[in-house]
Amino acid sequence: MRKWKIALGTAVALGAISVASVHLLDMGNLSLNAGTAGAAPAPAAFVMPVPVANVVKKTIPIYLDYAARTEPIRSITLQARVPGYLQEQTAQDGADVRQGDLLYRISPDDFQASLDQAKAQVQRDTATLDYARSNLGRGTELAKSGYLDKDSFDQRTSTLREAQASLALNQAAVRTAELNLSYAEIHAPFAGRLGRNQASVGTLVSVAGTVLNTLVQLDPIYVTFNPSETDLAQIEEARAAGPIEVEVLLPGETEAHQKGELTFIDNTIDHSTGTITARATIGNAKFTLLPGQYVRVRLHVKQQPDALMVPQVALGSSQLGKYLYVVGKGNTVDQRLVSLGPTSGDMVAILSGVAEGDQVITGNLQKIGPGMPISPLPQKPAT
């Protein structure tokens, strides 16, 4: 009887435990279902927006670029042609002068006195010549009538010729004195810019011995550069088609403000450098260029049609070379290795790797990679 009671108590306890377990399991399921019903949906993957530009086909100019240096077409040293004391400097140091402008004046007193003396001698010789001519005329009539012997007639003829020669000599002396007087004023032989004065007022200057100043021509101006012998054939081909336009760029400039024409190519190639000397003549009306300046020149040698152009900002660089990110299928990033051609402004020609109509990615290049999904932004219309 006692064993039966123990078994019955054990069965009752096990039933209670089972009921409690079932109740707890139901509560857990309810809690799980409640949590699942209230959860938010998973967020969508982020797609990077990127600006794009179409690959366009254009005709572009082809240039050859060189380092160059400016040179004056004319540069002279101003010196006196007559000796004397420097009386006046009429143009300031560094002044821009026109052809014929008065620059210096040497004291003219001595030259004016020489001119006056020469003119007086001309007047004396003119009077002597008039008398000799009249005397010979009378002698001719007397010789015809037999009242003048031949020797006296010959003397009168000789006197006339001496008077003519003396007059011619003193007329030449007048011209010399006039030249010397004009040399007392030093004028600009061409338009240009003066340098620093090297002779103070009051200096006793000598003929071709005292340097007064320097004068250089600034407009036009030469730009000298050295193309390689490998470029020479291309330059000569362009010259055969017509004048070659040359653009000059100052340091820091991206657009040329001065243009000219290729005017000289030397007749010998330097065997030590493999280059040849060439020169362009450039208009310089605003005197922007000065002799001795280092610049860059671009020779427009031809036009290249149907060049595939992309913005330079779209280019990337890796160990494999230059590349572009292109919008691929399904708006994903497609990386293309490219070979580059000439540039034109902010565009660069692509020789291989893309086709006309492809869309290249021009921004957010550091945030994307091959195969990533992207959202191309609408292109802005060209202005």
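Okay, let's start with Thr224, which sits in strand S12, residues 221-225. Keep in mind that this is a predicted model. Is Thr224 buried or exposed? Its relative accessible area comes out at 14%, and the cut-off for buried is under 20%, so we call Thr224 buried.

What does Thr224 touch, then? Leaving out residues up to four places away in sequence, Thr224 is in contact with Ala68, Arg69 and Glu71, and also with Thr277, Ala278 and Arg279. With Glu71 there's a polar contact as well: the two side chains come together at 3.3 Å.

The largest pocket has a volume of about 450 Å³. Where does it lie? Domain 1 (47-56 + 305-376) and domain 2 (62-69 + 217-303) both contribute lining residues, so the largest pocket lies between them.

There are 16 residues in that lining, and the ones nearest the centre are Thr254, Arg298, Thr343, Ser344 and Gly345. Strands S3 (56-71), S13 (245-249) and S20 (339-344) each put in at least two residues. Which strand gives the most? That's S3, with 4 residues.

Last stop, the second largest pocket, with about 170 Å³ of space. Its lining is made up of Ala53, Asn54, Val56, Pro311, Gln312, Val313, Asp346, Met347 and Gln379. By class, that gives 5 nonpolar, 3 polar and 1 charged for the second largest pocket.

Okay, that's my bit.

Conventions
Residues numbered from 1 in each chain as written. Predicted model: local features only at pLDDT ≥ 70, side-chain atom pairs only at ≥ 80, totals over all residues. Heavy atoms only, no water. 1 Å grid on protein atoms, 1.4 Å probe; cavity = no way out; pocket = protein on both sides within 12 Å on 5 of 7 lines; lining within 4 Å. Points joined across faces, edges and corners; volume = space filled by probe spheres on them. Domains from an automatic or database assignment. Nonpolar A, V, L, I, M, F, W, Y, C, P; charged D, E, K, R; others polar. Buried < 20%, exposed > 50% of the residue type's maximum accessible area, 1.4 Å probe, protein only. Polar contact = N/O pair within 3.5 Å; in protein donor to acceptor, adjacent residues only side chain to side chain. Contact = heavy atoms within 4.5 Å.
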